[in-house]
Amino acid sequence: MLVASVRESAQALASAPVPDDADICLAEAEDLLFARDRITSALADRVARVHRVGQARRHGHASTRSWLRTSGGMTVVGAGRLLTLAVELARLPRVREKFAAGELAAGVAEAICAAISGLPDEQAALAEPILVELAARAGAAEVAKAGRYLRAVLDPDGEDRDERADYARRFLRVRPGKGGGLEGEFYLPREHAARLQALLDAYAKP
């Protein structure tokens, strides 16, 4: 019943007129961002349960990730991010509690979960309080950077595995645009991304 009421309220909200006052829009946007993160927390709990028992396969999907892409209309990257959040929150009780309570934003929770992903439970338990404490005074980018450092310290061999996995994730998708141009999406590993960013910084117009 609660989920059904959230769905109805969200549909009504999306169809409601936007206030003319920009200050009201700003305040309402902040409230909506808070609500979105709490919905993401509840969604992650449910996705974790679906994934843990293999329910997506029983409904004809190749995997939980495939189910998210098909049923949720998510991108490959978006489905992977939500699945990582769901799986890792299940073994990070402090992060899960603070995320659900509104003490952690989704970006920070995702950064912590990404840092923990692939680590054994005992190493995850060591890293969690450090990253939670850092999150109290730093943003998602700083937490992600600290998480990468902790992974390298706790699992030196894992850094090489992460780099190989990151390299294997690279992709480029292009399609014709409506005006005759070309559009698409891509993913580059860190080293290649840095090279592209340097080119863009040097040659892109302001």
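The chat below goes through several local features of a predicted model.

User: Let's start with the strands; how do strand 1 and strand 2 pair, parallel or antiparallel?

Analyst: In this predicted model, strand 1 and strand 2, the latter covering residues 182-187, pair in the antiparallel sense, and the pairing runs over six bridges. The two strands form a hairpin with five residues between them.

User: Which residue in the turn has a positive phi?

Analyst: That is G180, whose phi is about 95°.

User: And what is the bridge partner of V174?

Analyst: V174 has G184 in strand 2 as its bridge partner.

User: How many residues of strand 1 are buried?

Analyst: The count is zero among the six residues of strand 1, residues 171-176, so this strand is hardly covered, with buried meaning under 20% relative accessible area.

User: Switching to helices, at what angle do helix 4 and helix 5 pack?

Analyst: Helix 4 (residues 64-72) and helix 5 (residues 76-89) pack at an angle of about 125°, and their axes are 9 Å apart. Helix 4 and helix 5 are therefore oblique to each other, and their crossing is right-handed.

User: Which residues make that contact?

Analyst: Helix 4 contributes T64, R65, L68 and R69, while helix 5 contributes V76, A79, G80, L82 and L83. By type, the residues of this contact divide into five nonpolar, two polar and two charged.

User: OK, now A111; where is it, and is it buried or exposed?

Analyst: A111 sits in helix 7, which spans residues 106-116, and A111 is buried because its relative accessible area is 11%, which falls under the 20% cut-off.

User: What does A111 touch, beyond its neighbours within four places in sequence?

Analyst: With those neighbours left aside, A111 is in contact with A140, V143 and A144. A111 and G147 are 36 residues apart in sequence, and their C-alpha atoms are 7.5 Å apart in space.

User: What about S41, buried or exposed?

Analyst: S41, which lies in helix 2 (residues 22-53), counts as buried because its relative accessibility is 4%. Not counting residues up to four places away in sequence, S41 touches F99 and A100.

User: Last one: why does V6 count as partly exposed?

Analyst: V6 counts as partly exposed because its relative accessibility is 37%, which lies between the 20% and 50% cut-offs. V6 has its place in helix 1, residues 2-15, and the C-alpha atoms of V6 and I39, which are 33 residues apart along the chain, are separated by 9.1 Å.

Terms used:
Residues are numbered from 1 along each chain as its sequence is written. This is a predicted model: local features need pLDDT of at least 70, side-chain atom pairs count only at pLDDT 80 or more; totals for chains, interfaces and linings use all residues. Side-chain values use heavy atoms; hydrogens and water are left out. Buried means under 20% relative accessible area, exposed over 50%, partly exposed in between (1.4 Å probe, protein chains only). Helices (H or I, at least four residues) and strands (E, at least two) are DSSP runs, numbered from the N terminus. Two strands pair if DSSP finds at least two bridges between them. Contact means heavy atoms within 4.5 Å. Axes are lines fitted to C-alpha atoms, for helices over the stretch in contact, and angles run from 0 to 180 degrees between N-to-C directions. Angles under 35 degrees count as roughly parallel, over 145 as roughly antiparallel, 65 to 115 as roughly perpendicular and the rest as oblique. A crossing is left-handed if the near helix is turned anticlockwise from the far one by less than a right angle, and right-handed if clockwise. Ala, Val, Leu, Ile, Met, Phe, Trp, Tyr, Cys and Pro count as nonpolar, Asp, Glu, Lys and Arg as charged, and the others, Gly among them, as polar.
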